[in-house]
Amino acid sequence: MSATPSAPSVAGWSGAAWRDAWRVWVGSEVPGWIFVAKTTFAALLALWIAFRLGFDSPRSSMLTVFIVAQPQTGLVLAKSFFRVLGTIAGSLATLLLVGLFAQQRELFLTALSLWVGLCTAGAALYRNFRAYAFVLAGYTACLIGFPSALHPETVFNTAVFRVSEVMLGILCAGVVTDLVLPQALGAGLVTMIRGSYREFLGFVTGALRGRLDHASMERSHDHFVANVIALEAQRDAAYFESPDARVRSDRLRLLNAGYMSSTTSVHMLHQMMQRLRRRECHHALQQLAALYEALAIELMPEEGVMPATAAEAAPLAQRIAAFRAGLPRRIAAARAALEHTADAAELLDFDSAAELLQRFTEEMHEYTVSYVALARPGTRAHKPAPPYVAHADWITAALSGVRAVVALLSLSAFWIATAWPSGAGAATIACVFCCLFASAPAPVLALRGLSIGFVWGLLAAFICGLLVLPQLDGFLLLAAGMTPFIMVGIKLVTNPKTAGIGVGYSIMFGNIIGVENVTRFDPLPVLNDGFASLLGASVAALVFALLVPVNGRRLRLHLVRSLRRQVLLACFGNLRGLRHRFENSTRDLLGQLLAGADRVGGEDRHLLGRALSVLETGHAIIDLREAAAIGTLSVGSRAALNACIRGLARLFEKPSEQRRRQALEGVTRATDRIETALQAEGIDTAERTSLKRGRVGLHLLRTLLLDDETFLTLSAVENPAIAVPGASHAA
Amino acid sequence: MPREIELFGFFMPTLLPMFLLAFGLQWLLDSVLARLGFYAHVWHPSLFRFSLFVCLFGAMGLFLY
């Protein structure tokens, strides 16, 4: 009896087939179920301890476990840490508010709304785990504030119990995640870093040999942006995981910075080559191609294999260092060969491309060195690591704050007007969601998932709380009765598609099941609280959809415009560490924009093109500013360079044909000045280098300004005829 | 040692500051051990860390009860 591989019947499966199927199942399903079992256990453990200690509301501990539950230890600990900070801040704020306004409910609710608005704005400003502290500070104030507004004398006790319950939940979740079959973040991080290094190496060698087409370039850059942001998020969380990860944290930041700058310079190099090809500078191209090929061979010999680990990349770092040392000589030789055949313009092009190649080699070397450094345990970074600079958008943050204030005030008004006993619950839930989704790319969609989860959670709580639990007696049976219901929710969370529904289900179930010290089995409060939560979620969704929607045209246009205005940062920011800050915040902003981009409509490609042009321009401007900062420059030359920078800033603030012309004139004047300065006597090597870099920057700027396509990419927003495709579609 | 400490008119169990102290101590010890490469010889590092914390906290608790 033999089974064909295409249609195997179960009866015909051999032992090997069964073993394969088993292995596939173990590989794909078991981690999820382990997570479900661990979280359920942690939740019930927290519930039990909370009962034993006689806390006011044991379910808060259980809910905390549901909320911080993550498969990897680092994520749990990071989320927990910021949850603790937020809870404490929120409790202190409530104590203050109740102390000030306990007698006046209107004043109290207004003050509370303002506090929540502030916290929401903070959460929108920081989109990583830090945001979570703000979320908690906001909604802890509601959780404690509403009950204590009715009984001000209990506020201190309520706050103490709330903090204790949250701490207990966090301790249980953290200890169980870390002790029982732990999954460390570190392992995934290592795989990710190796993967991105190899991917980048492949990309670079492909680009240097001119084997990449436009589409695959774009796809790779899309990946690079995602990698930068993911690496930072993982590094941030792994920091809490083990002291080992803390020691490496600086080196990881350095690696990420190196990664960003090398991706930009390889792009600049590639763009330069494209322009040379378009202008048919064959002689320069020929010489450059030889240089590129030499670097590509060093990076990856034709028959060579890519380094699989950081340790294996050590010889590569040495090869790049040797190449870097010999590069000026090679460039001088190539230039000498070129001088007979090429005219002055072509020579300038060659100089620019050679300068970019030199810079790229430098950055690739840095990147490889910091990659190799990861393999050595216990040593510090070889140079100070720049911090990750996220792009914080104040307008988006302020809008999020306003949304939360509006939602909370309208529900409070409804609560006061109708004297509905569950009004506080509705307001709290609205507040939770306004905070939680302040920085989500598609909050309305997320809220829909949550609301669906709410309905199912309400149903499950109804069945479990009113049909199952009354039959049972004692904690063990209570736990046994609740376990299947809890597991359903967490299983839903493990699947990314249903994660939102799972979170909604778990929160609703834990909240409504109402396991208290004195148990009541009464359907009325269950329904009242359930509907309050649903109303709260709907109001939050309404506010998100109506008040300047996050994915709406206006807000996106504002962000797309901010992307272009990043150039202003390069023009006027403090020069110290500017290159990294500019690079980092531009990439972060691009990541935010790409998260909500319409990929089918090609909006992502448009955004990428714009961001890459912005990066190119910004780096050229920074080169120019560094040249303008050298000591021996004459006053007139410095003024000309600064005027050129101001002209560029005006153009990028609001592009128009006239400003483009003015900027071009400024660039021409500055180029003349720099040429004169280069001829002058008495400048040392360092100054000469930065002047040369400035000249290359000016040359790049001129090509960018003359290039109609680039200008179009940058000014597309202002011109309605070529508005960003897909930006008008609101979520 | 007193079992409760008064702070601004609010009584809290002495165990609470002890918990925080034990946490800080554990953090310190942990970093030192990691720098020495000690965790390479441990089967279950997080279990070791947790046990270390329980030992520290328990030992401090002995002063109280």
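In this model, 14 residues of chain A are in contact with 13 residues of chain B, where contact means heavy atoms within 4.5 Å. The model is a predicted one: local features need pLDDT of at least 70, side-chain atom pairs count only at pLDDT 80 or more, and totals for chains, interfaces and linings use all residues. Residues are numbered from 1 along each chain as its sequence is written, chains are lettered from A and ligands numbered from 1 in the order in which they are written, and side-chain values use heavy atoms, with hydrogens and water left out.

I will stay with the two chains for a moment. The size of an interface is often given as the accessible area lost when the parts come together. Between chain A and chain B the buried area is about 1,100 Å², and carbon and sulfur atoms give 67% of that. Buried area here is the accessible area, taken with a 1.4 Å probe, that two parts lose on being put together, summed over both. On the chain A side, L179(A), P243(A) and R246(A) lose the most area to chain B, together 42% of what that side buries.

How many salt bridges does the rule find across the interface of chain A and chain B? It finds 0, a salt bridge being a side-chain nitrogen of Lys or Arg within 4 Å of a carboxyl oxygen of Asp or Glu. There are 2 residue pairs in polar contact between these chains, both residues at pLDDT 80 or more. A polar contact is a pair of N or O atoms within 3.5 Å; within protein, one must be able to donate a hydrogen and the other to accept it, and residues adjacent in sequence count only if both atoms are side-chain atoms.

Two helices of chain A, α6 (155-179) and α9 (243-278), each supply at least two residues of the side that touches chain B. Of the elements, α6(A) gives the most, with 6 residues. By class, that side of chain A has 8 nonpolar, 1 polar and 5 charged residues. Ala, Val, Leu, Ile, Met, Phe, Trp, Tyr, Cys and Pro count as nonpolar, Asp, Glu, Lys and Arg as charged, and the others, Gly among them, as polar.

Now the chains one at a time. Chain A has 25 helices and 0 strands; helices (H or I, at least four residues) and strands (E, at least two) are DSSP runs, numbered from the N terminus. Its radius of gyration is 30 Å, close to the 27 Å that the globule rule gives for 731 residues, so chain A is as compact as a globular protein of that length. That radius is taken over C-alpha atoms, and the rule is 2.2 Å times the number of residues to the power 0.38.

Chain B runs β-β-α-α from the N terminus on. With a radius of gyration of 15 Å, well over the 11 Å that the rule gives for 65 residues, chain B is more spread out than a compact globule. Its C-alpha trace spans about 45 × 20 × 15 Å along its principal axes.

Last, the domains. Chain A is divided into domain 1 (30-183 + 391-540), domain 2 (186-240 + 242-373) and domain 3 (553-574 + 583-722), with bounds from an automatic or database domain assignment. Domain 1 of chain A puts 9 residues into its contact with domain 2 of chain A, which puts in 4 residues. The area buried between these two domains is about 510 Å². R130(A) forms a salt bridge with D236(A), the closest N and O atoms being 3.0 Å apart.
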